[in-house]
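User: Could you show me how to read the overall fold and the pockets of a model? I would like the general idea first and then the case at hand.

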Amino acid sequence: MKKTYHLCLSAGEEVMFRDEEDYNRGFNCFALTLYKTGSTGLAEAFMATHTHQLVQTECPDEFMHNCRKSYSTYFNHKYQRSGRLGEKMHFSMEVTGHHHLMAAISYVLRNALHHGVAPIPYAYPHCSANAFFRK
């Protein structure tokens, strides 16, 4: 049975998304992982050093493993590096209840504002807030 999870992968001191191509590939890896695992994406934000994803999935660890592996393969090839991208463990929290879901969605959509890289959530191009609130 699918449950809702807030997932986060941090790169620590490394920059995960260095240019527009990286952000596009990160989103594509996220979308393909949703498809491959039969999961549903509710919201996402790709920051330079970390990602936040709110997904409905049966296995959050499998979801994160697939998404991370796909993006790491691309990243390692592009930047002539090897090894794991990001910290050893990812953050995973089950989202329970309506209020928790609203708080999690708000947190993910406002992440760029929280980190000071955009004055409003809609000004940050690498977040689903733009898809939700288009004119």
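Predicted model: local features only at pLDDT ≥ 70, side-chain atom pairs only at ≥ 80, totals over all residues.

User: Which pattern does the chain follow along the sequence?

Analyst: Helices (H or I, at least four residues) and strands (E, at least two) are DSSP runs, numbered from the N terminus. Here the order is β-α-β-β-α-β-α-α-α, with five helices and four strands.

User: What does the C-alpha trace of the chain span along its principal axes?

Analyst: The spans are about 45 × 40 × 25 Å.

User: And how do I look for empty space?

Analyst: Rolling a probe the size of a water molecule over the atoms shows where empty space is left. On a 1 Å grid over the protein atoms alone, a pocket is an open set of points where a 1.4 Å probe fits, with protein on both sides within 12 Å along at least five of seven lines; lining residues have an atom within 4 Å of a point. Volume is the space filled by probe spheres set on the points, which are joined across faces, edges and corners. The largest pocket holds about 180 Å³. Its lining has 13 residues, and Phe-27, Glu-44, Pro-125, His-126 and Cys-127 are the closest to the centre.

User: Which element gives the most to the lining of the largest pocket?

Analyst: That is H1, with four residues. Helix H1 (20-37), strand E2 (40-46) and helix H5 (129-132) are the elements that give two or more.

Methods
Residues numbered from 1 in each chain as written. Heavy atoms only, no water.
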